[in-house]
Amino acid sequence: TCNLLFDKGGICVSQLVIDVQGLCKYYEGRTILQNVNLRVEQGDAIAFIGHNGTGKSTMLRMLSGLTPVSNGKIYRNPHLKFAFIPEHFPKLNLTVEQYIECCGLVEGMNKNQVHARADELYSLFYMEDMVDVPIKHLSKGTIQKVAVIQALLTRPDVMLLDEPLAGQDIKSQKNFIKMVKDLNDLGV
């Protein structure tokens with residue numbers, strides 16, 4: 001599969017981000033997903049909808065590379081940075097600040113960059129008073145904010161979101177929706 005899509009005149013019109021072909025997922029003898037085909041191009045915004053247990057989270061975990069595919073293929077553009085916000089974030093012993101600093105350093109940021117960006121995000125998500133609290137002691141909504149903050153430390157090219165607003169307060173939800181819309185307007 002090519003990374004760039006061209007029109008008939010040879011002009012690049014978009015970049016292929018994800019290409020799913022014949023995807024199947026089986027779990028404990030059950031078919032979770034069967035023969036799924038999907039193309040996602042730069043700037044696309046899509047949503048998976050359906051009842052609980054129909055494979056939406058499984059699909060996102062497979063797209064992010066965290067869950068193996070039973071059959072079929074998933075192409076992820078290797079030149080793009082993917083950010084995944086899971087529905088269930090682990091309850092770690094690390095404080096919010098320790099965890100976010102580790103994530104930033106892994107992303108190649110220096111400590112000053114991490115702290116400056118993190119402080120901006122803590123403010124947007126009303127977490128300034130919680131940065132020294134171990135993640136395992138936070139509410140579900142606050143843990144979800146930590147997942148969002150780690151995904152937004154640096155600008156991703158692709159965001160895979162699994163109920164990122166679950167448990168978040170209304171003001172944080174509004175800020176997150178605006179940030180995602182702004183990122184999508186930039187081609188994320």
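Modeller: Happy to; what follows goes from the helix pairs to the core and then out to some loops and a strand. Please keep in mind that this is a predicted model.

Let's begin with helix α2 (residues 96-106) and helix α4 (residues 140-152), whose axes come within 9 Å and cross at roughly 25°. An angle under 35 degrees counts as roughly parallel, so α2 and α4 are roughly parallel to each other. Their crossing is right-handed. On the α2 side the contact is made by Val96, Tyr99, Ile100 and Cys103, and on the α4 side by Val146, Ile149 and Gln150. Sorted by class, the contact of α2 with α4 has six nonpolar residues, one polar residue and no charged residues.

An α-helix has 3.6 residues a turn, so residues three or four places apart point the same way.

Next, α2 also packs on α3, with the axes 9 Å apart and an angle of about 125°. These two helices are therefore oblique to each other. The crossing of α2 and α3 is right-handed. Here Val96, Glu97, Ile100, Glu101, Gly104 and Leu105 in α2 meet Lys111, Val114, His115, Ala118 and Tyr122 in α3. By class, the contact of α2 with α3 divides into six nonpolar, two polar and three charged residues.

The crossing of α4 and α5 is left-handed, whereas that of α2 and α4 is right-handed. From α4 come Lys145, Val148 and Leu152, and from α5 come Ser172, Phe176, Met179 and Leu183. The contact of α4 with α5 has five nonpolar residues, one polar and one charged.

In soluble globular proteins, nonpolar side chains tend to be buried together. In this model, the largest nonpolar core has 30 residues, and Ile100 and Val146 touch the most other members. At least two residues of this core are supplied by each of β5 (82-85), α2, α3 (111-124), α4 and α5 (170-185). The most comes from α4, which gives seven residues. Ile100 deserves a look of its own: leaving out residues up to four places away in sequence, Ile100 touches Val114, Ala118, Tyr122, Val146, Ile149, Gln150 and Leu153. A second, separate core of 17 residues includes Val17, Ile18, Met59 and Leu63.

Met59 and Leu63 lead us to helix α1 (residues 56-64), where Ser57, Thr58, Met59, Leu60, Met62 and Leu63 are buried. Just after α1, Gly65 takes a positive phi of about 90°.

Glu28 has a positive phi of about 50° although it is not a glycine. Glu28 is found in the loop between β2 (12-27) and β3, and Glu28 is exposed, with a relative accessible area of 69%. Glu163 likewise has a positive phi of about 50° without being a glycine. Glu163 is found in the loop between β6 (158-161) and α5, and with a relative accessible area of 42%, Glu163 is partly exposed.

In the loop between α2 and α3 you will find Asn110. Asn110 counts as partly exposed, at 39% relative accessibility. Asn110 and Leu183 are 73 residues apart in sequence and 23 Å apart in space, C-alpha to C-alpha.

Finally, on to strand β3 (residues 30-41), which holds Gln34. Gln34 counts as exposed, at 59% relative accessibility. Beyond residues up to four places away in sequence, Gln34 touches Leu23 and Cys24. Gln34 and Leu23 are eleven residues apart in sequence, and their C-alpha atoms are 6.3 Å apart.

Conventions:
Residues numbered from 1 in each chain as written. Predicted model: local features only at pLDDT ≥ 70, side-chain atom pairs only at ≥ 80, totals over all residues. Heavy atoms only, no water. Helix = DSSP H or I, 4+ residues; strand = E, 2+ residues; numbered from the N terminus. Buried < 20%, exposed > 50% of the residue type's maximum accessible area, 1.4 Å probe, protein only. Contact = heavy atoms within 4.5 Å. Axes fitted to C-alpha atoms, helices over the stretch in contact; angles between N-to-C directions. Parallel < 35°, antiparallel > 145°, perpendicular 65-115°, else oblique. Left-handed = near helix turned anticlockwise from the far one by under 90°. Nonpolar A, V, L, I, M, F, W, Y, C, P; charged D, E, K, R; others polar. Core = buried A, V, L, I, M, F, W, Y, C linked by side-chain atoms within 4.5 Å.
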